[in-house]
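Hi,

Here is the structure I promised to pass on. Have a look at it first, and then read on for what turned up.

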Amino acid sequence: MLKIYPKKCTKCSKGFSKGIVIDGGQEYYCSEKCCLEQHKEEKVFPIKDRLVTYSEFLKIIKEDQDIFNEEEIFEWYAFTEWYVPDLQNGEAAYDSVGTKVYATFNIHNYIWDEQQ
């Protein structure tokens, strides 16, 4: 059986079901490592009226969990989980190497509830 996943990593292109979503779905990452590699030292993450690098952002949220509510970070950054059965008609799923599998497939022929 082929494992399929509801999201594809922006950096490594692998399919995944748990990970990071940035900017309301503009970018998806399967791990912190991929997000860090993608953004390196770019100052693109808004926090406290300034832009910070992803490394700086992680340090800030580690020190102050309340900042999620104060700065409304949850609107552009989240660690979450997705499920293949929740996909809308026409929305693709992905296999472990990032190949698209469309929702016209029979989901019972696939293993989709485990992350690789």
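Is glutamate 37 buried, exposed or partly exposed? Glutamate 37 comes out as partly exposed, with a relative accessible area of 32%. Before you read too much into any of this, keep in mind that the model is predicted.

Glutamate 37 has a partner, by the way. Lysine 33 forms a salt bridge with it, and the closest N and O atoms are 3.7 Å apart. That falls inside the cut-off, because a salt bridge here needs a side-chain nitrogen of Lys or Arg within 4 Å of a carboxyl oxygen of Asp or Glu. Both residues sit in helix α1, four residues apart, so about one helical turn separates them. Lysine 33 counts as exposed, at 56% relative accessibility. The salt bridge count comes to one.

Now for another acidic residue, glutamate 27. You will find it in strand β5, which covers residues 27-29. Glutamate 27 is buried but has no salt bridge. Lysine 11 carries the nearest side chain of opposite charge, and that is 11 Å away. What glutamate 27 does have is a polar contact, side chain to side chain, with histidine 39 at 2.7 Å. Setting aside residues up to four places away in sequence, glutamate 27 touches Thr10, Ile20, Val21, Ile22 and His39.

On to the overall layout. The chain has three helices and eleven strands. Starting from the N terminus, the order is β-β-β-β-β-α-β-β-α-α-β-β-β-β. There are 116 residues, and 35% of them count as buried. If you take contacts between residues at least 6 apart in sequence, 46% join residues at least 24 apart.

Last, the inside. The largest nonpolar core holds 22 residues, and those touching the most other members are Phe45, Phe57, Ile73 and Tyr77. Two or more core residues come from each of β4 (18-22), β5, α1 (32-39), β6 (45-47), α2 (54-63) and α3 (67-70). The biggest contributor is α2, with four residues.

Cheers

Note on methods:
Residues numbered from 1 in each chain as written. Predicted model: local features only at pLDDT ≥ 70, side-chain atom pairs only at ≥ 80, totals over all residues. Heavy atoms only, no water. Buried < 20%, exposed > 50% of the residue type's maximum accessible area, 1.4 Å probe, protein only. Lys, Arg positive; Asp, Glu negative; His and termini not counted. Polar contact = N/O pair within 3.5 Å; in protein donor to acceptor, adjacent residues only side chain to side chain. Contact = heavy atoms within 4.5 Å. Core = buried A, V, L, I, M, F, W, Y, C linked by side-chain atoms within 4.5 Å.
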